[in-house]
Amino acid sequence: MSRVGNAINISDLRAAAKRRLPRMVFDYIDGGAEDEYTLRSSVERFADYGWQWDSLVDSSQIDTSCTVFGQRISQPFFISPTAASRLFHPRKGELAVAAAAQKAGIAYSVSTLGSQTLEDIAATAPDVPKFIQLYVWKDRGIVRDFMARAKEAGYTGCILTVDATVAGQRERDPRNGFSVPPKINRKTATQALAKPGYLFDMLTSSSIGPANFEQVDTGGRDVMGVINELFDPTMSWKDLDWFINEWGGPFAVKGLSTAEDARRTVDSGASTVWVSNHGGRQIDTSVPVIDLLPEIRQAVGAGVEIIADGGVRRGAHVLKLIARGANSVALGRAYLFGLAAGGEAGVTRALDILAADVRRGLALLGVNRVSDLDGRLLRQLR
């Protein structure tokens, strides 16, 4: 507990996660594609935007809440879908994250490749909005069954990720001999033995795999192999209608980067545009999301919901994305570092840090409601 309880910022949780995890597992969270330029620039670009503020504003009543998929949550951020969370916390994984989301009053999104079942996650977080994330399986029957189970379990939103028809070139993973689930060889055994606490948890927990697709024959492939072999690279705009109609509710397309694609998403019937660079794990040297938001907002208009993610390590980063045009912000590494460092307590610490940042930031800006924040107080420095 002290490992996460003493964390002052997300960087502290990252350092604690690095101490806890074998190198190959930490690098799977921490790494990006190719030269990792996008990974770095997504974080660094926030510093190129500077705040102005309104003075002498009564800040005694700060409202940090926002709406995601038509449902109110307590903060302008929520849990983004990430695969195989039990890899980072072998005993509970997604259940630890869901419990922290329940406590914080924020939405939870479960990944197609999650390592806990939809039903168990829903039972852990019964009182907050829950969404499912889809990739495009070649077998549409698998997708239909997954959607039906999600509806039955109380999930209210659906997210289609469109920037991963093939896996990005994440070069740390082959250097470390890493796969999901991990395979034991000379290289990986040495890394695991260096972290005995994690190794004990792994050896005394059930095997890690795609918990919601145990019936699917993955042919022994790891996660990247599943993406490359079982997902459908022929997916195009003509197929989007099927997903939207099959779900029949709030629907987001995740991984968009152009105004044209954002408009097309809305024209296809999706309720939400999700601007994302997949955490820098797919296309390297991509444009930072914070730079894309104004043109995408202009393209879709004020009434369309926009979610953004990418490089968020501070509450100020959340606020800057909202000021640039997003309605809410999805968290990835920020909560995964907490999960790896200390399970549910670590995720709770990450969410508490960001919530305090957001509240403090709004008070200092002289903005009482996060929904009132726009680009008026944000200036591009370079």
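The largest nonpolar core of this predicted model has 106 residues, and I132 and F251 have the most contacts inside it. Helix 16 (residues 333–365) gives the most to this core, with 16 residues. A nonpolar core here is a set of buried Ala, Val, Leu, Ile, Met, Phe, Trp, Tyr and Cys residues joined through side-chain atoms within 4.5 Å. Buried means under 20% relative accessible area and exposed over 50%, with partly exposed in between (1.4 Å probe, protein chains only). Another core, of 12 residues, lies apart from it and includes C66, V68, A252 and A330.

Helices (H or I, at least four residues) and strands (E, at least two) are DSSP runs, numbered from the N terminus. Nine of the 12 residues of helix 14 are buried, among them D291 and R297. G301 follows helix 14 and has a positive phi, near 90°.

D127 lies in the loop between helix 6 (118–124) and strand 6 (130–134). D127 is exposed, with a relative accessible area of 63%. Two distances from D127 are listed below.

| Partner of D127 | Distance |
|---|---|
| Q102, side-chain polar contact | 2.8 Å |

A polar contact is a pair of N or O atoms within 3.5 Å; within protein, one must be able to donate a hydrogen and the other to accept it, and residues adjacent in sequence count only if both atoms are side-chain atoms.

Residues are numbered from 1 along each chain as its sequence is written. In this predicted model local features need pLDDT of at least 70 and side-chain atom pairs count only at pLDDT 80 or more, while totals for chains, interfaces and linings use all residues, and side-chain values use heavy atoms, with hydrogens and water left out.
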